[in-house]
Amino acid sequence: MSIKDLLTEDMKQAMKERETGKLRLSVIRMVRAGIKNIEINEKRELNDDDVLAVVVKEVKMRQDSLEEFVKAEREDLAAQARAEIEVLNKYLPAQLSDAELQEVVKSVITATKATTMKDMGKVMAALMPKTKGRADGKKINTLVREFLK
């Protein structure tokens with residue numbers, strides 16, 4: 001089942017649950033609206049990779065908001081952002097652990113024969129497709145910088 005189909009089925013289920021599914025319903029609708037906007041703008045049907053990119057973008061937006069809410073000591077808004085992230089994480093592939101991510105980074109650095117920070121672009125270009133949706137870009141960037149020092 002594609003991610004779009006899963007979103008549709010979950011939206012129907014959330015509608016049936018009425019009160020208990022309100023947060024989930026609003027988050028799913030927001031993601032589906034984002035997908036639909038891209039499909040209209042690009043005049044094409046999005047595949048699973050494109051839909052995954054939309055979900056990752058939505059999670060990233062909420063994580064950035066969460067950081068700001070915590071800084072501003074707005075626990076009510078932070079709790080809602082956490083709940084929304086939890087709903088969206090269902091549609092993402094399993095996240096890589098720190099150890100797994102380090103292994104992937106090491107193997108890509110070895111494969112690209114990177115030795116200095118000048119090679120970082122080459123490493124990141126090879127690494128991002130392998131970790132798409134499974135690890136945070138900032139975390140990957142930090143690890144690559146550590147290994148290339």
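Student: In which kind of crossing, left-handed or right-handed, does α3 pass α4?

Tutor: Good place to start, and keep in mind that this is a predicted model. The contact joins residues of α3, including V55, V59 and L66, to residues of α4, including L77, A81 and I85. Where the two helices pass, the crossing of α3 and α4 is left-handed.

Student: How is α3 oriented relative to α4?

Tutor: Two packed helices are described by the angle between their axes and the distance between the axes. For α3 and α4, the angle is about 160° and the axes are 9 Å apart. Angles over 145 degrees count as roughly antiparallel. That is why α3 and α4 are described as roughly antiparallel.

Student: How many residues of the contact of α3 with α4 are nonpolar?

Tutor: Let's sort them by type. Two residues of this contact are polar and four are charged. The nonpolar residues in the contact of α3 with α4 number 10.

Student: Leaving aside its neighbours within four places in sequence, which residues is I3 in contact with?

Tutor: I3 is one of the residues with the most contacts inside the largest core. With neighbours within four places in sequence set aside, the contacts of I3 are D48, V51, L52 and Y91.

Student: Are α6 and α7 roughly parallel, roughly antiparallel, roughly perpendicular or oblique to each other?

Tutor: Start with the geometry: the axes of α6 and α7 come within 11 Å and cross at roughly 140°. Angles over 145 degrees would count as roughly antiparallel, and 65 to 115 as roughly perpendicular. The angle here therefore makes α6 and α7 oblique.

Student: What is the handedness of the crossing of α6 and α7?

Tutor: Look where M120, V123 and M124, among others in α6, meet residues of α7 including G137, I140 and N141. The crossing of these two helices, α6 and α7, is right-handed.

Definitions and conventions. Residues numbered from 1 in each chain as written. Predicted model: local features only at pLDDT ≥ 70, side-chain atom pairs only at ≥ 80, totals over all residues. Heavy atoms only, no water. Core = buried A, V, L, I, M, F, W, Y, C linked by side-chain atoms within 4.5 Å. Buried < 20%, exposed > 50% of the residue type's maximum accessible area, 1.4 Å probe, protein only. Contact = heavy atoms within 4.5 Å. Axes fitted to C-alpha atoms, helices over the stretch in contact; angles between N-to-C directions. Helix = DSSP H or I, 4+ residues; strand = E, 2+ residues; numbered from the N terminus. Parallel < 35°, antiparallel > 145°, perpendicular 65-115°, else oblique. Left-handed = near helix turned anticlockwise from the far one by under 90°. Nonpolar A, V, L, I, M, F, W, Y, C, P; charged D, E, K, R; others polar.
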